[in-house]
Amino acid sequence: MSLPRSRRPALPAALLAAALLVPLATACSSSNGSDGSGSSGGGAQRLRVVMAFPPAQAMSPYGDDAVTLSRLAVIEGLTALDANGAPKPALATSWKRESDRTWTFTLREARFQDGTQLDAAAVARSLRAAEKASPKPRVLSDTRLTVATPDTRTVRITTAAPDPLLPQRLANPSLTILSGAAYTGGKVDPAGHATGPFTLTKVNGAVSATLGRNDGYWGGKAKAPGVDVKFVADGTARANALRTGAADVAEYVPLSQAPLLGDGLVHEFPSARTNGLSLNTRRGVFADPAMRAAAREAIDSAALVKGVYEGRADTAKGLLGPGVPWAAADRTAPTHRAKAASKEQVAKTGEIVLATYTNRPELPEVATVVQQQLTARGFTVKQVVRDYAQLEADALGGKFDAFIQARNTLLDTADPVSYLASDFTCDGSFNISQLCDKRVDAAVDKAGALADTAARHRAEMAAEAGVLGTDALVPLLHERFVQGYDESRVHGVSLDPMERTLITADTRVG
């Protein structure tokens, strides 16, 4: 069966792309510091970037907007991550573990984009604000931080329980460090108050954003004078903007567009992202473990990989896929799985609501195939497909029976223990499946307490087996990333499996 490339009820892709080109060109010619060709007075060109996800929380650092700010090189934390997911210096030059729960961090000499000095008080203010945020950032869902300032250049951080991953945790975009002026009126505004190589100067709702170069950046001035960003949920429109030269970088090019763009414009690389079907364990049809098991048995991962992703993905192996290379060796079989309900039993249930979002163009098509697979098992399925910003609150509130999402399993700490805690524990802040299982909580707690890397990995895979045993999430496939840019003229784009970086101080045109 031939399936539509997009189920979004909107203008045809060609018209969307045409509408996109004019504002992109306008942004390039009218932004501060650029001339009519999109270059600065020194000849360097501003970057034109098309991103998939519009701001969902007014650029607050305490939700997914923090990742957008990180990918645009606006914000920084005490640490960053290297290519292997290990912590490296950022705003902290060094750190030391004083005891099982206490660490000290030494700060570098740096200034915020508003000219104020980075000091221990600023760090403490930012970390305390993250602790008090509602909802709390996912990276803090399994721990609490207490911050002290022995002197102006030193920060002492104590965790509620031993946390061997604290340096990785502090690299999370939601734990960015901002100046005092960012915290006013009960809100947090990173515009002009961060430390990254680019300064957020303007946000036009969910449509666009403008970034200027931070000439006082501690790591040296960025090579591009600024960045003009468009937020475009339609993947075909993003690809067309790249194809026509209206964009220099296009985030998350649809796999269907990759063959049309060619190897010079698309760059495919492995990811730690698992595309999964979250089932509501608290209410509705899937509160019954037997019904969740029936849904799991209905899913054909290979059909999704071949039919939707055209072979540019990997069949589901578990929560953690090939982007987490050590996972396969330590994987164990799921535990305590329920017996699946029969087709006749399934047919007696009411309608279920299956939701997903348009920002990743393959997901609506995935939802259509999953709907067909569930229907063949006897379920009656209604689809809800909208922009992610319009779905997130309802998904977290458990208003859908089933939800398809693409989740980066290493996004929070570069180690899956944070993902397991936030998505599958009773107090998890991103628990779309509404799962609350004492065995799973205990397994995740055990993994999080282990300092030895090999032992922690084995414990994490035991926790994975426990989650899979509940059928709270049915893995559908493991994604690969495709970012778009012309490698003959655009340089320094970061191809990051953990999705924290895209534009860097080195990204430039020419």
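Tutor: Buried means under 20% relative accessible area, exposed means over 50%, and partly exposed is in between (1.4 Å probe, protein chains only).

Student: What kind of model is this, and how are residues numbered?
Tutor: This is a predicted model, where local features need pLDDT of at least 70, side-chain atom pairs count only at pLDDT 80 or more, and totals for chains, interfaces and linings use all residues. Residues are numbered from 1 along each chain as its sequence is written, and side-chain values use heavy atoms, with hydrogens and water left out.

Student: Back to the tyrosines. What do Y357 and Y388 form?
Tutor: Y357 and Y388 make an edge-to-face aromatic pair, 4.9 Å centre to centre, with 75° between the planes. Rings of Phe, Tyr and Trp (its six-membered ring) pair if their centres lie within 6.5 Å; planes under 30 degrees apart are stacked, over 60 edge-to-face, and the rest tilted.

Student: Which parts does the pair tie together?
Tutor: Y357 is in strand 16 (residues 352–357) and Y388 is in helix 12 (residues 388–396), so the pair ties together parts 31 residues apart in sequence. Helices (H or I, at least four residues) and strands (E, at least two) are DSSP runs, numbered from the N terminus.

Student: How many aromatic pairs does the structure hold?
Tutor: There are 12 aromatic pairs. One aromatic cluster is formed by F53, Y252, F269, Y357, Y388, F400, F403 and F481.

Student: What lies over the face of Y252?
Tutor: R360 does, at 4.2 Å from the ring centre. Elsewhere, the charged end of R108 sits over the ring of W218, 3.8 Å from its centre. The rule: NZ of Lys or CZ of Arg must be within 6 Å of the ring centre and within 35 degrees of the ring normal.

Student: New topic. In what order do the four strands form an open sheet?
Tutor: The order is 4-5-7-6, with antiparallel pairing. The edges are strand 4 (92–97) and strand 6 (145–151), each pairing on one side only. The twist averages 25° from one strand to the next. Two strands pair if DSSP finds at least two bridges between them.

Student: How many bridges join strand 6 to strand 7?
Tutor: Five, and strand 7 covers residues 154–159. Strand 6 and strand 7 form a hairpin with two residues between them. V147 has I157 in strand 7 as its bridge partner, and A148 stands opposite R156 in strand 7.

Student: And on the strand 5 side?
Tutor: Strand 5 and strand 7 also pair in the antiparallel sense, over five bridges. There, T104 has R156 as its bridge partner.

Student: Is strand 7 mostly covered or exposed?
Tutor: Mostly covered: five of its six residues are buried.

Student: Which helix packs on the sheet?
Tutor: Helix 3 (residues 120–132) does, touching strand 5 (102–107), strand 6 and strand 7. Its direction makes about 170° with that of strand 6. Axes are lines fitted to C-alpha atoms, for helices over the stretch in contact, and angles run from 0 to 180 degrees between N-to-C directions.

Student: Now S271. Where is its place?
Tutor: S271 is in strand 14 (residues 266–279). S271 is buried, at 3% relative accessible area. Its side chain reaches the backbone oxygen of E479 at 2.6 Å. Leaving aside neighbours within four places in sequence, S271 is in contact (heavy atoms within 4.5 Å) with G323, E479, R480, F481 and P497.

Student: Which phi does A58 have?
Tutor: A positive one of about 55°, although A58 is not a glycine. A58 is in the loop between strand 1 (47–51) and helix 2 (65–71), and is exposed at 69% relative accessible area.

Student: What about E310?
Tutor: E310 has a positive phi of about 55° too, and is not a glycine. E310 sits in the loop between helix 8 (301–307) and strand 15 (313–315). At 36% relative accessibility, E310 counts as partly exposed.

Conventions:
Polar contact = N/O pair within 3.5 Å; in protein donor to acceptor, adjacent residues only side chain to side chain.
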